[in-house]
Amino acid sequence: MKINILTLFPEFFNSFKEHSIIKRAVEREQVEINIVNIRDFAEGKHKQCDDIPFGGGAGMVMKPEPLLKALEGNKGKVIYTSPQGVKLNQVLACELSTEKEITIIAGHYEGIDERVIDSKVDLEISLGDFVLTGGELPAMVISDAIIRLIPGVIKKESYENDSFYNGLLDYPHYTRPAEYEGLKVPEVLMSGHHKNIDEWRLKQSLERTLKRRPELLKGREFSKLEKKLLKEIKEEQEI
Ligand SMILES: NC(=O)c1ccc(NCc2ccccc2N2CCOCC2)nc1
């Protein structure tokens, strides 16, 4: 997969490509990350990329010409990160991880000229209902969520139990020491009894999801085992 990120602050992405799973995916050529400086496509001596808004009001708007020039040629699926977008979630990240090429426009100032969105943007994505100084962090988060799902980037087993992968929140994790300042690790995890361990983990995921994010369970199909565990959870809560 090729991911192009259009930004006014290319250096912002240096460390993103230099760490852990993303770095390894780039080295393995599972993904090519191409950071594009929008200013390279601006005309004139000052290479102006923003200008005052028609209609007045505070702030500046990113000019259409540099962006449209940077978007010339097939750039795959064009994404714009903004508070007006559809919420990012694991299903959307999964869908996007099958694209051959993705171009993400990281907006700045009050946003970009609407004509760029109308003519070139395929999908506007928001991280959630909050305001950030620029679209760079959302571009990084969206890229990270997608890259880790590209087949081969991480072992299948490790994301199969990811939060949201099975539509549930993750179960609790423990590691050595077995006891720390009087705090113990649940016995079942030391039993070596993998069927019991898997069942305990699934029950923990169901319990946490029911307690913290009950809306995630709405409309979800439950296996026979999940139904049994949910019944146990509800009975335990009644006592
Ligand atoms: N929720 C999100 O995904 C998210 C994304 C971007 C973002 N900011 C960059 C931005 C991009 C586009 C339009 C406006 C803006 N903003 C500029 C600063 O002023 C507010 C609006 N903020 C939050």
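The model is predicted, with local features requiring pLDDT of at least 70 and side-chain atom pairs counting only at pLDDT 80 or more, while totals for chains, interfaces and linings use all residues. Residues are numbered from 1 along each chain as its sequence is written, and side-chain values use heavy atoms, leaving out hydrogens and water. The pLDDT, the predictor's confidence in each residue from 0 to 100, averages 95 over the protein, and 96% of the residues score at least 70.

## Overall form

The protein has 9 helices and 9 strands, taken as DSSP runs (H or I, at least four residues, for helices; E, at least two, for strands) and numbered from the N terminus. Its radius of gyration of 23 Å is well over the 18 Å that the globule rule gives for 239 residues, so the protein is more spread out than a compact globule; the radius is taken over C-alpha atoms, and the rule is 2.2 Å times the number of residues to the power 0.38.

## The loop residue E110

E110 lies in the loop between β6 (101-106) and α5 (114-120), and it counts as exposed at 61% relative accessibility (exposed means over 50%, buried under 20% and partly exposed in between, with a 1.4 Å probe and protein chains only). Leaving aside residues up to four places away in sequence, E110 touches A58, G59 and M60, where contact means heavy atoms within 4.5 Å.
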